[in-house]
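Here are some notes to read beside the model you have open.

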Amino acid sequence: MTQRRGRRWSTAAAFLRPALGRPNLTLRMHALTTRVLLEGGASTRAVGVEYRAAGETHRARAEREVLLCGGAINSPQLLLISGIGPAPHLRDVGVDVVRDLPGVGQGLQDHPALPVVVRTRAGSSLMDAERPRHLADYYLRRRGPLTSNIGEGGAFLRSRDDLPAPDLQFHFAPVKFWAQALYELDEHAMTLGVTLVRVASRGSIRLRSADPTWAPAIDGGYLEQEEDLEALVAGVRRAREVLGGPLLRDVAGAEWLPGPGVRTDDELRDAVRSGIESLYHPVSSCRMGTDDLAVVDPELRVHGVDGLRVVDASVMPTLVRGNTNAPTIMIAERAADLIAGRRPASAALATA
């Protein structure tokens with residue numbers, strides 16, 4: 001859990017807020033970055049960004065570098081809108097090509113998950129978290145069920161015994177969690193989210209318009225590769241073994257999702273296809289590397305554009321086999337070292 005005193009401890013709370021008093025930091029809120037400002041011909045350089053705030057267009061000039069930290073969806077969108085990306089696609093949407101970089105927006109990966117939900121025979125669940133006594137416990141002591149991160153337990157496992165490493169992750173939640181939790185809770189239940197963490201399928205980010213206020217076209221590419229589907233089917237069967245096993249016999253009741261009528265492999269395949277959800281881990285749409293489809297180099301600098309780095313999950317060459325929050329923070333801390341010219345401690349030790 002990334003928590004402090006019972007609350008989610010975000011990067012804004014942990015890193016940004018303590019630095020807001022610095023004279024060299026200005027925070028602009030409710031501002032939409034519309035493009036990266038680029039200059040030069042054969043040698044293109046990023047010199048700032050354009051953004052909209054309070055109905056007006058502004059420009060912020062950069063003395064050294066521009067850092068894009070919009071994540072795996074917004075960072076490639078912003079590069080594309082600025083004319084950096086696959087030339088045919090940019091021309092199709094009416095964007096002038098500044099730098100033909102075919103890999104921008106390509107190779108999107110995410111962790112698909114299918115919730116297996118069972119009703120509970122006894123006990124409570126997080127459906128009761130907002131009862132008066134729990135509210136009091138939280139506000140007075142920062143304790144109780146309202147401090148839950150929802151995914152309170154987990155496990156890593158292989159869908160097949162011959163795999164070299166786990167390709168599945170279980171997320172356990174003591175609550176009825178499905179459809180991105182957009183529905184009101186109506187009964188006590190618990191959920192075992194079957195998550196594929198070694199993903200063979202690939203998606204993409206593409207512009208729908210040159211207008212930066214338009215959301216991009218997001219193709220998650222989920223289950224395009226048959227092996228991803230088969231791994232999730234195996235994961236659902238393993239989840240049922242856990243939920244129906246002797247250790248949970250007194251707690252776990254009837255299955256609600258996918259449901260008792262879903263038994264055969266074909267029925268499970270249909271359930272996975274129709275019921276998978278994102279685990280909110282999109283990466284790799286501006287991936288790091290040295291090949292023709294790489295967008296940034298090992299120091300996070302955009303290929304062919306000076307003074308421009310991407311610092312977020314989009315630079316991951318591939319998905320990590322687990323949650324992406326801590327690895328993304330690690331990328332940002334490494335970028336800070338690179339920008340400041342610091343050598344990481346591990347490098348210093350290696351050459352000592």
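**Notes on pockets, a cavity and a helix pair**

1. The lining of the second largest pocket holds 22 nonpolar, 20 polar and 7 charged residues. For these classes, Ala, Val, Leu, Ile, Met, Phe, Trp, Tyr, Cys and Pro count as nonpolar, Asp, Glu, Lys and Arg as charged, and the others, Gly among them, as polar. The volume of the second largest pocket is about 1,400 Å³. Among its 49 lining residues, N149, I150, G151, F177 and Y280 are the closest to its centre.

2. Before going further, a word on the source: this is a predicted model, in which local features need pLDDT of at least 70 and side-chain atom pairs count only at pLDDT 80 or more, while totals for chains, interfaces and linings use all residues. Residues are numbered from 1 along each chain as its sequence is written, and side-chain values use heavy atoms, with hydrogens and water left out.

3. On method, the search runs on a 1 Å grid over the protein atoms alone: a cavity is a set of points where a 1.4 Å probe fits but cannot get out, a pocket is an open set with protein on both sides within 12 Å along at least five of seven lines, and lining residues have an atom within 4 Å of a point. Grid points are joined across faces, edges and corners, and a volume is the space filled by probe spheres set on the points.

4. Which elements line the second largest pocket? At least two residues each come from β2 (7–8), β10 (112–120), β11 (153–157), β12 (168–173), β13 (189–196), β17 (277–278) and α7. The largest share, 4 residues, belongs to β12. Helices (H or I, at least four residues) and strands (E, at least two) are DSSP runs, numbered from the N terminus.

5. The whole structure has 1 cavity of 30 Å³ or more. The largest cavity holds about 40 Å³ of space, and its lining consists of L108, Q109, D110, P112, V199, S201, G220, G221, Y222, L223 and D228. That lining divides into 5 nonpolar, 4 polar and 2 charged residues.

6. Do look at T324, in the loop between β19 (308–310) and α7 (325–340). Leaving aside residues up to four places away in sequence, T324 touches Y280, H281, V283, M316 and L319, where contact means heavy atoms within 4.5 Å.

7. The axes of helix α5 (residues 226–243) and helix α6 (residues 265–275) come within 9 Å and cross at roughly 105 degrees. Axes here are lines fitted to C-alpha atoms, for helices over the stretch in contact, and angles run from 0 to 180 degrees between N-to-C directions. The two helices α5 and α6 are therefore roughly perpendicular to each other, a label for angles of 65 to 115 degrees.

How values were computed
Parallel < 35°, antiparallel > 145°, perpendicular 65-115°, else oblique.
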